[in-house]
Amino acid sequence: MTDFASKADPAPPPDNLDQWRQLRSLIVGPEREHIEAVQALLDDPVLHAESISTALPDAITLASERSDRLAEALQPSIDGALRASVRRDPAAIADAIFPALGPGIRKAVTAAITRMVQSLNRVLTEGLSLRSLRWRWQAWISHRPYAEIVLLHHLVYRIEQLLLIHRSSGILLAKAATESTEPRDPDQVAGMLTAIQDFVRDAFGTSEGEVMHAFETDAGQAVWIETGPEATLAAVIRGTPPLHLRAQLQKMLEEIHLLFRRKLDTFDGDPSPFRLVQPKLEEALSFEIRDPAPRSRAPAWIAASAGVLAAVTWISMTIGEHRRWNHFLELVRAEPGIVVLEADKRGATWELTGLRDPISRDPAVLLDRAGIPREAVTATWSTYFAADDDLAARRATARLHPPESVALEVVKGTLMLSGSATHDWIARARRDAGSIVGVDAIDFERLEDTQARALEHVRQSLERSVLYFERARGQPSPGQEDAIDTIETLVREAQQLSRHTGVPLRIVIVGHADPTGARDFNHELSNRRALSVLRLLETRGVDTTSVSVSQAALPASSSPSAATELAALRKVTFSVLLGNQSRS
Amino acid sequence: MIKKKICLIGAFAAGKTSLVQRHVHSIFSARYYTTVGVRIEKKQLQIDEQDISLILWDLHGEDDFQSVQMSYLKGASGLLFVVDGTRRGTVEIAAKLRDRARSAVGPVPTVIAVNKVDLDRLWEIRARDLDTLAEDDTPLFFTSAKTGESVDPAFRELAKLTLNRP
């Protein structure tokens, strides 16, 4: 800035000072004003703070997106502020986290209750009575723990009234009541309930956070009170309410706090916003009354007989169940690829833990075979790969997808393949079989390549093929078109199979001549005959790069000289060389 | 309908209950005073076409044996102090209670009822006695539970004050 100013603002001659100033204000006036405004903004803490306050939210968002540095930098300050706040007013923090705290605590309590029910289950298992047998039956058919059924039978209750009360003033915010139990004056009841809570707190010297949760009457009525930071929910209940009802009331109160936090904070006597809570309260009244099981009026002996019958049935069913289960365990233990680590009965369900190879048979099939309903068993399997030959063979089958013509087995870790398959499949199998778990070696000896076999067939057919010639002629005798067609086809097939299988191929057209006439002439004639067949194939479009010509050794002149025998010697034959032979 | 919590406070036997007995209705018996120390009553009014329900917390009177539980004042929108015009000592008690109430709930609309105005021959309180209790802006009513004189205006005034509160 300073350098720029010194260069841009040289000392003006004194006589032109005014003009120069005028000129300068014209040129840089607006920018100077702007700079001054910016400087003023930076110098004034109030304006500066205001300016930062508009940019701060975006700046924080950007900084948070880029890295955690901002959070790390702020952490000590936030920690300190939070500690100071908690020291000054612990209730404020407690109130703020109240809606979030409830679900966590409830979860812990639920777990504790579940454990309690389980231990209760063990105790109850010891007891045996006609009623317990009936409930046990019910537990069995409903797949629920026996203890839960027992508890359900004891739950006979009805919520008669629900009052939502502003905590500090005791003013009724909303209420719901069953038709016959409308309170005489809910406003006064709400006030009195609040007063009684205050009374208990004062009388017994409990602290602000400790509140009365319930009181009961001899007439089987109870009032359960759930207290939140700003509101209290009182439930007038007849009978024996279940424990989970307390959690439901807590949840409802937490929801009300979440939804109406502001209205509750600023409540000044107008309960009209809370009429929205009314349906929620009425819904909560709809808990059904569970009628107690009617007492049996049957004579004692009928009850006793029924008891004995039930006991016998139950025992036989239990025995049957155990037998089926043991049978299933035998099956599953014999099954390759499944290792049972733990098998135990919890309540009405069996629990199974173990290791299972993904390729092994689905244990549910074994359950069906043992006659155990699938839903009666909870199984937890960890994956492992078994090295058994049988499973390795299954894995190989799943991996290689062999055609029906291939038989596959694994013997002591060696994958044995037999039968026949295409050259491509064999090549793929050679490539993939090495990576199959449980396969250490591969034996392809007994596996035939179908295309190599076809090539061999073509070779044999071609080597049996003959074209005949007139005496002293280099062109095949007429009337042999079919034979020539066949030869052309065989040559083409041989070439195609060679390409496919990768087996090198060489076809040699061998010219022959009868022994009559000059030897040199016959030698040349043999060569001409072979060449003429080569040209013939070429004219038919056959690729002759793998085709060559040769002459057969001339027969000795002492050979038979009958006309037919001589004609049979005037010919062209084919020699097919495969693999290494073709290169020799 | 707007609802306001109002606390009735005063010395023992200052006539708080009698003051409201003619106009209010309670479902709770008088035994609550001696047990819980409070009885809830309700009085309904109409102020400028606005229905208002005063939930009255009628607190057991302060005496040598029992003191008013200040926790009952929590959340109150208005306080009605009752003084027995025939017992000068009740003014002092009311003043003490007012100070305690203020420290418990802060400044809330307040009305003072000097009761038993019908018993003029037994009247003990003079104007200067009330100076310690009634501040400049605190409305003061001379009431008679027996004749009903000024009882309703006292409640109406308190109701108006609570409604004007922000």
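I began with helix H2 (residues 17-43) of chain A and helix H3 (residues 45-66) of chain A, which pack at an angle of about 95° with their axes 5 Å apart. The model I am reading is a predicted one. Since angles from 65 to 115 degrees count as roughly perpendicular, H2(A) and H3(A) are therefore roughly perpendicular to each other. I then listed who makes this contact: A:Leu41, A:Leu42 and A:Asp43 come from H2(A), while H3(A) brings A:Pro45, A:Leu47, A:His48 and A:Ser51. Sorted by class, the residues of the contact of H2(A) with H3(A) are four nonpolar, two polar and one charged.

Helix H9 (residues 243-265) and helix H10 (residues 278-285), both of chain A, pack at an angle of about 175°, and their axes lie 12 Å apart. An angle over 145 degrees counts as roughly antiparallel, and H9(A) and H10(A) are therefore roughly antiparallel to each other. On the H9(A) side I noted A:Met252, A:Glu255 and A:Ile256, and on the H10(A) side A:Lys280, A:Leu281 and A:Ala284. This contact of H9(A) with H10(A) divides into four nonpolar and two charged residues, with no polar ones.

Over all chains, the count comes to 29 salt bridges.

I then turned to the interface between the chains, where chain B contributes 26 residues to the contact and chain A contributes 24. The area buried between chain B and chain A is about 2200 Å², and carbon and sulfur atoms give 56% of that area. B:Lys3, B:Ile27 and B:Lys74 supply 30% of the area that chain B buries against chain A, which is more than any other three residues supply.

How many salt bridges are found across the interface of chain B and chain A? I recorded five, and I wrote down a salt bridge between the side chains of A:Asp268 and B:Lys4, at 3.4 Å from N to O. For polar contacts between chain B and chain A, the count is six residue pairs, with both residues at pLDDT 80 or more. Strand E1 (2-10), helix H2 (31-35), strand E2 (38-47) and strand E3 (50-59) of chain B are the elements that give two or more residues to the side of chain B that touches chain A. E2(B) gives the most to that side, with five residues. By class, the side of chain B that touches chain A holds 12 nonpolar, six polar and eight charged residues.

Technical notes. Residues are numbered from 1 along each chain as its sequence is written. Chains are lettered from A and ligands numbered from 1 in the order in which they are written. This is a predicted model: local features need pLDDT of at least 70, side-chain atom pairs count only at pLDDT 80 or more; totals for chains, interfaces and linings use all residues. Side-chain values use heavy atoms; hydrogens and water are left out. Axes are lines fitted to C-alpha atoms, for helices over the stretch in contact, and angles run from 0 to 180 degrees between N-to-C directions. Helices (H or I, at least four residues) and strands (E, at least two) are DSSP runs, numbered from the N terminus. Angles under 35 degrees count as roughly parallel, over 145 as roughly antiparallel, 65 to 115 as roughly perpendicular and the rest as oblique. Contact means heavy atoms within 4.5 Å. Ala, Val, Leu, Ile, Met, Phe, Trp, Tyr, Cys and Pro count as nonpolar, Asp, Glu, Lys and Arg as charged, and the others, Gly among them, as polar. Buried area is the accessible area (1.4 Å probe) that two parts lose on being put together, summed over both. A salt bridge is a side-chain nitrogen of Lys or Arg within 4 Å of a carboxyl oxygen of Asp or Glu. A polar contact is a pair of N or O atoms within 3.5 Å; within protein, one must be able to donate a hydrogen and the other to accept it, and residues adjacent in sequence count only if both atoms are side-chain atoms.
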